[in-house]
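Please walk through the model below, starting from one residue and ending with the chain as a whole.

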Amino acid sequence: MQMDISVSINSKLNDEYRIILSPFNLDIIPYEVQELLGDDIEIVDVTLERVKGINPTDIGILLKISNIIGEILNDNGNLILYFYCDDMHNISRRENRGVSPQKFRSDLFSRMFDKYILSNGITNMINTPIEIKADRHIYIHLISRDTHLNYVNAIKKAIMGMASK
């Protein structure tokens, strides 16, 4: 099954956000890792985008986003979520002047994940952050069940290997 989901959320100030879950392009990881995944595991690319509005994103919207993504992961036992921290769009980060937008998003993603699993009593899901230090820092998160950690580690190793070339 190839997951392809798009969910829109509106804030009280009428800003619109979209959560997109789409099939991950397996062609970018080595064949050995693809074979390891087999037909049992599906990697899903998670994209968060602001469709309209310019107001600061409030905690309520962030919690809704976390809940939607968490419910999809809960309902699909064979998913690994792949989240690339956007480096194309700047964000207002008044209190974090020395932090890149990517690092800010990565830290925020980790905090929201931690809050989600804690508040929902989830003990079997893991956030595996990946930081690639190249000409620019790249931040990726793989979210999975703890039983899929061997797959996540293989994907992480492949990504780090490609980055070192």
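S22 touches M3, D4, I43, V44 and D45, not counting residues up to four places away in sequence; a contact here means heavy atoms within 4.5 Å. S22 itself sits in strand β2, residues 16–23. With a relative accessible area of 18%, S22 is buried. Buried stands for under 20% relative accessible area, exposed for over 50%, and partly exposed for the range in between, with a 1.4 Å probe and protein chains only.

This is a predicted model, in which local features need pLDDT of at least 70, side-chain atom pairs count only at pLDDT 80 or more, and totals for chains, interfaces and linings use all residues. Residues are numbered from 1 along each chain as its sequence is written, and side-chain values use heavy atoms, with hydrogens and water left out.

The chain has four helices and six strands. Its elements run β-β-α-β-α-β-α-β-β-α from the N terminus on. The radius of gyration of the chain is 16 Å, close to the 15 Å that the globule rule gives for 165 residues, so the chain is as compact as a globular protein of that length. That radius is taken over C-alpha atoms, and the rule is 2.2 Å times the number of residues to the power 0.38. Helices (H or I, at least four residues) and strands (E, at least two) are DSSP runs, numbered from the N terminus.

Next comes the interior. In soluble globular proteins, nonpolar side chains tend to be buried together. In this chain, 40% of the 165 residues count as buried. A nonpolar core is a set of buried Ala, Val, Leu, Ile, Met, Phe, Trp, Tyr and Cys residues joined through side-chain atoms within 4.5 Å. The largest such core has 24 residues, of which L21, L79 and L81 touch the most other members. Two or more residues each come from β2, β3 (42–52), α2 (59–75), β4 (79–84), α3 (101–119) and β6 (137–145). The most come from α2, which gives five residues. A second, separate core of 19 residues includes L37, Y82, I130 and Y151.

L79 is in contact with M3, E42, V44, I72, L73, I143, S144 and H148, leaving aside its neighbours within four places in sequence. Among contacts in the chain between residues at least 6 apart in sequence, 58% join residues at least 24 apart.

E131, in strand β5 (residues 125–133), has 33% relative accessibility and counts as partly exposed. Beyond four places in sequence, E131 touches H137, I138, Y139 and M160. Its C-alpha atom is 8.8 Å from that of H141, 10 residues apart from E131 along the chain. R111 lies in helix α3 and is partly exposed at 48% relative accessibility.

N14 lies in the loop between β1 (5–10) and β2. N14 is partly exposed, with a relative accessible area of 46%. Most residues other than glycine have a negative phi.

Finally, the C-alpha trace of the chain spans about 45 × 40 × 25 Å along its principal axes.
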